[in-house]
Amino acid sequence: MGAAHSASEEVRELVGKTGFSSDQIEQLHRRFKQLSGDQPTIRKEHFNNVPDLELNPIRSKIIRAFFDNRNLRKAPSGLADEINFEDFLTIMAYFRPIDTAMDEDQVQLCRREKLRFLFHMYDSDSDGRITLEEYRNVVEELLSGNPHIEKESARTIADGAMMEAASVCVGQMSVSGRPDRTESTPVLLTTVPGPGTEQCSETLPAFLTRVETHQRFQRRERCARPGRPGFGACRPGV
Ligand SMILES: [Ca+2]
């Protein structure tokens with residue numbers, strides 16, 4: 001950020017684009033400069049010495065997410081070689097907690113953005129589908145730091161996630177064994193051919209539908225049970 005006047009203009013613009021406060025943007029700018037070595041852009045290797053990421057089992061996926069053109073809203077696929085401060089803020093905004101002052105529509109939009117980001121993290125080849133292999137890959141990485149969980153258990157957990165997705169998939173299958181592509185039943189998952197989980201892949205609309213349904217169910221459970229955290233604190237639909 002350059003001269004004082006233009007810098008404050010720039011900060012105002014970034015506040016509008018990202019939802020961060022001007023103080024937060026200043027803090028993140030200092031962090032960005034520290035990471036980049038006072039350069040205008042950051043490359044992947046600049047993340048190598050971030051202590052907070054050192055022990056994170058999905059460190060490589062988090063770093064990759066910063067350069068994913070889909071998250072940067074620059075292209076439907078591919079990775080950027082380097083990112084500037086505004087790009088950095090765009091990605092950091094996905095990690096921002098949901099603001100309690102938001103109305104219901106804003107909360108919904110914010111949740112969707114976060115889920116889209118998560119989907120892109122799973123969909124490592126950017127083909128718009130999460131395969132069982134990609135699910136396994138993330139779960140195995142997540143659990144790799146836990147010495148009590150063996151690789152086989154991690155695979156079982158990933159398979160369970162895909163089984164849940166596949167149960168939606170099977171519901172969408174026509175009698176021919178191929179996905180029913182009528183407009184009234186949008187394709188949630190596709191299988192070629194047959195409903196086995198090995199052949200299943202999950203699209204973004206399917207992923208959003210499944211996770212949001214699961215989250216709504218969990219919130220209803222939380223609101224409905226006295227004595228459980230969150231009881232009585234829920235807004236309708238939130
Ligand atoms: Ca994929």
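Biologist: How far apart do the end C-alpha atoms of residues 110-145 lie?

Modeller: This is a predicted model, in which local features need pLDDT of at least 70 and side-chain atom pairs count only at pLDDT 80 or more, while totals for chains, interfaces and linings use all residues. Residues are numbered from 1 along each chain as its sequence is written. The span 110-145 is 69% helix and 8% strand, and the separation of its end C-alpha atoms is 30 Å.

Biologist: Which domain does UniProt list for residues 110-145?

Modeller: UniProt positions are given in the numbering used here, feature names are shortened, and annotations may be inferred rather than shown by experiment. The entry in question is unreviewed.

Biologist: How many helices and strands does the chain have?

Modeller: Helices (H or I, at least four residues) and strands (E, at least two) are DSSP runs, numbered from the N terminus. Along the sequence they follow the pattern α-α-β-α-α-β-α-α-β-α-α-β-β-α. The secondary structure comes to 9 helices and 5 strands.

Biologist: What share of the 238 residues in the chain is buried?

Modeller: A residue is buried if 20 or more other C-beta atoms (placed from the backbone) lie within 10 Å of its own, exposed if 12 or fewer, and partly exposed in between. Counted over the 238 residues of the chain, the buried share is 17%.

Biologist: Is the crossing of helix 2 and helix 5 left-handed or right-handed?

Modeller: The axes, lines fitted to C-alpha atoms over the stretch in contact, with angles from 0 to 180 degrees between N-to-C directions, come within 11 Å and cross at roughly 115°. A crossing is left-handed if the near helix is turned anticlockwise from the far one by less than a right angle, and right-handed if clockwise. For helix 2 and helix 5, the crossing is right-handed.

Biologist: Of the residues in the contact of helix 2 with helix 5, how many are charged?

Modeller: Ile-25, Leu-28, His-29 and Phe-32 in helix 2 meet Phe-85, Phe-88, Leu-89 and Met-92 in helix 5, where a contact means C-beta atoms, placed from the backbone, within 7 Å. Ala, Val, Leu, Ile, Met, Phe, Trp, Tyr, Cys and Pro count as nonpolar, Asp, Glu, Lys and Arg as charged, and the others, Gly among them, as polar. The set divides into 7 nonpolar and 1 polar, and the number of charged residues is none.

Biologist: Which residues of helix 4 are buried?

Modeller: The cover over them includes strand 2 (82-84), helix 5 and helix 6 (104-122). The buried residues themselves are Ala-65, Phe-66 and Phe-67.

Biologist: Leaving aside neighbours within four places in sequence, which residues is Met-121 in contact with?

Modeller: Met-121 lies in helix 6 and counts as partly exposed because it has 19 C-beta neighbours inside 10 Å. Its C-alpha atom is 7.6 Å from that of Ile-62, 59 residues away in sequence. The contacts of Met-121 are Lys-61 and Ala-65.

Biologist: How far is Lys-61 from Val-138 in space, C-alpha to C-alpha?

Modeller: Lys-61 sits in helix 4 and is partly exposed, with 18 other C-beta atoms within 10 Å. Beyond four places in sequence, Lys-61 touches Met-121 and Glu-141. Lys-61 and Val-138 are 77 residues apart in sequence, yet their spatial separation is 8.6 Å.

Biologist: Near what value is the phi of Asp-38?

Modeller: Most residues other than glycine have a negative phi. Asp-38 lies in the loop between helix 2 and strand 1 (41-43) and counts as exposed because it has 8 C-beta neighbours inside 10 Å. Its phi is positive, near 65°.

Key. Contact = placed C-beta atoms within 7 Å.
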